[in-house]
Amino acid sequence: MTHPTYTHTIETREPLSGTTLHMLPTTVRGLTYCSLALPHGAYHAQGVSAVADVCGLLLPECSSRGQSRSVLRAALRAAGAEVWAHMHGTHLAVHIVVPSKQVESVLRMVLRAVLTPTFSQREFREAQQRMGQYYAAEMEDNTRFHARRLWSEVWYGSAHPYALHTPEAYRNACVELVAKESKEWYTGTRTRAGVVAVCASDVPAKRVERVLAEAFETVAEGTREACVDVEDTRTPADATVVQTHHVPHKENVDVLIGAPLSLTRESDAYHALRAGVYILGGGAAGRLFHQLREKHNFTYGSYATLSGTDTPYPLALNATAIFPRAVYDRALPVFQEVMLCWAEKGITAHELAAYKTEALGRRVVSLSSTKALVDTVFAYATSGRDIAEIDTQPRIIEALTTKEVNAAIHTITPTHITAAAAGSFE
Amino acid sequence: MTVARAHKKSGSSRTTRTTPRTSAGFVEVTPNNTLGVTEHVLQKNGLRVLHRHIPDSGAVGLMVTYLVGSRHEVAGNTGSTHILEHLMFKGSKHFPAKKGMSVIDAFAKKGALVNASTWLDRTNYYEVVPKEHFAECCAVEADRMRHANITEKDLRAELPAVISEYALHKNNTREVLDEHMWHTAFLAHGYHHSTIGWLSDIESASVAQLQHFYDTYYHPNNAVVSVVGDAPLAEVLGLVREHFGVHPRSLHPIPKPHTKEPEQQGERMFVIERTQGSNMLAVGWKVPPALHKDTPVLRVLADVLGGSDSSLLHHALVEGGLCADVHVEYVPFHDAALFLVYATLLPNVAHSAVQQRIERVIEGLRTTPLAPELVAHTRAAIEREMLESMDGHYQFLSVINEYIATGDWTLYERTCREVAQVVPEDVQRCAVQYCTTAQQTIGMVRVQASTH
């Protein structure tokens, strides 16, 4: 069977040392997607992420040297551009969708804002209030968030990148932020080394390259801060205790069952582990969906994923399901049993064969739009992986053996499989 | 298997080729459009087929849109459209689930994107598959159009999953607020109840009732098949004729709901009490059906009021220090529907203060025409959105499907064209005509024991 390849259509350039531009053709004439990643130092713990989140919200439509926010916004609107930003691992990710005829001017304006922001008091206070009050209140009312937070508290200390703060701690962290210090953090951690741009456009690459070169010319090249080892992990006395959190007015209980892992995204066994996790709960053909939805009808859906794949830290296995309160007590033991059985006995050759068929078909479907390809290249490039891997995936998948997958699954300690639940328990 | 989130013409008529072309059982009725879409009708049974070719993408997307949604339900059978949608995954005559031939087995296990969704005006079923499986898609979708296995056993087994989905909606306070807005604004019309239905109706659903619903609405002359991707027109028409052509047109006319919403006679208001989360305020006004001439104007009004961080309400409420978030929701539906403003309040801000500020912004629109560049900004945003919808098979299918449900898929492109004709005085007229206290519904989420 032949598999489609994609990377031969990508033109890679280096506008300045340390910066990389991957240029893709667009399938929609006249439309440009552009995703930028600006490095911002080392991984930080979620518990102290308030400053990064506020900066992410403040940008990219903020005032900058010689360009007020209202003028910038009006210019972006007139150009028909949609621009948004968020913190993505160690990067500030900025995404632009714009008619191609406007791409150069929009890119210039956005880069000016994110490279030389002024962080006016008013703009800062607005972003601070929105993160600290609104998002904290949203978290407070969100059962999925509380299940994840409880689970992470079992295994990770507050300094670990996977730790999640309580809404109250997060709100307090936002309230305490000061514009000047936040700007210092933003500008002080930025470096040109590792800037990534992924564009799909019918505008020639050299024109986009020129805009990037002009914008980053004045930014110090610097070096990427090395990723620090995080020792802030915990060993619970009894990991089998189910952690629960009461959230009023909820008719469902969100459950997360997971385990900390020893493998990282760079481990040789990563692809085998990924296959094993997909067989557990990657979709409608997964064991969790089959057992919890189709066999017992406990839930609308149940999924398993690997988290931490965009970091250099050991991964974590997370499986989730949401049960009506009335069936929670019966459903939880079944959910735990499926997880334990998978961790102890592994998967079968038949399941692996089905996974290969599904994964290879899914690849064709999921990469059939320009935007999906941009997102995929962006994910590879920002995590420091070679984008050529996008084309070698089918070979890797086809070569997997049952023995390899089960060996990867068996790196998980079954007694480390922990459950956390959030819903209306009182 | 999802419910689209609770409650989401221009005057010119569509221009069709004057001399319809026929090809092997089809008549072509393609309206003028720049989307690259062709439209054919299968003469034998009235099935409409839309096609857009994306060569070399390696994938094909197929969506069957049935022109039946939750507005066709009445008290006692609310949620039926959605429950039926779930049961449509339990296999059909030639693709029985017990032999491992259900839609999930046929496609999800081959890596396809497979699902279905139900909303106020329509129900859809779709697959995006590697192109070698496209013929199989046509076979499966055609079979379940008239030969679905709807059994008591499957219904009993599936109801807990439906109730789980019901609870999922109720878990989200914002969705509860949205649902109450429609309950309160519409008393008689089918938009009164949400697509998921009332719990007691879901729990008492019967196979006889669902089978009746299926036999009433699931016919080729009440459906549109849309195909997008790496399959040329001749192949698509050939497969549609082979598989869907076996079904006759329905023997009965497809029933149309006849209940009209009585005129609202003044402002309506409700409060939802919560003990945590954020205070919220919603304001809704009745607006005309999608095919009304004011649709492009309302599109501009929605964008100018709350379409971006430079909108009037964002400026007044978020930058004004009252709210953490505000957005406007305007979706053109088949029948008269709601134009909605949702605001999330900052702590210690009174609902009345936010309501007054919204009223002040609306009053400003009524009295002073907008700056022309604001209308131009909306046009630029809509043009970009249309280009975006052309990228990706599911993306395009999902957008065109909503316009099919309004009664005319070409409205999508026309709205874009006609927004360009909107002048500030049109927006002013619509603000005066529709954003009135008499047509207004106010909803509040009030957090009594907030921790902040």
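How many residue pairs are in polar contact across the interface of chain A and chain B?

## Basis of the description

The model is predicted: local features need pLDDT of at least 70 and side-chain atom pairs count only at pLDDT 80 or more, whereas totals for chains, interfaces and linings use all residues. Residues are numbered from 1 along each chain as its sequence is written, chains are lettered from A and ligands numbered from 1 in the order in which they are written, and side-chain values use heavy atoms, with hydrogens and water left out.

## Interface of chains A and B

The rule finds 20 residue pairs in polar contact across this interface, both residues being at pLDDT 80 or more. A polar contact is a pair of N or O atoms within 3.5 Å; within protein, one must be able to donate a hydrogen and the other to accept it, and residues adjacent in sequence count only if both atoms are side-chain atoms. On the side of chain A that touches chain B, the elements giving two or more residues are β3, α2 (69-79), β5, α4 (121-140), β10 (316-324), α12 (349-366) and α13 of chain A. Helices (H or I, at least four residues) and strands (E, at least two) are DSSP runs, numbered from the N terminus. With eight residues, α4(A) gives the most to this side.

In total, 56 residues of chain A are in contact (heavy atoms within 4.5 Å) with 61 residues of chain B. The two chains bury about 4900 Å² between them, 54% of it on carbon and sulfur atoms; buried area is the accessible area (1.4 Å probe) that two parts lose on being put together, summed over both.

## Salt bridges

A salt bridge is a side-chain nitrogen of Lys or Arg within 4 Å of a carboxyl oxygen of Asp or Glu. Eight salt bridges are counted between chain A and chain B, and one salt bridge joins the side chains of A:Arg130 and B:Asp325 (3.8 Å, N to O).

Over all chains, the structure holds 46 salt bridges. In one of chain A, the side chains of A:Arg13 and A:Glu209 meet at 2.6 Å, N to O. A:Arg13 lies in strand β1 (residues 11-13) and A:Glu209 in helix α8 (residues 205-216), so the pair ties together parts that are 196 residues apart in sequence.

## Backbone features

A:Leu59 and A:Pro60 are joined by a cis peptide bond, with omega about 5°. A:Pro60 is placed in the loop between α1 (50-58) and α2 of chain A. A:Phe119, a residue other than glycine, has a positive phi near 50°; its place is in the loop between α3 (103-115) and α4 of chain A.
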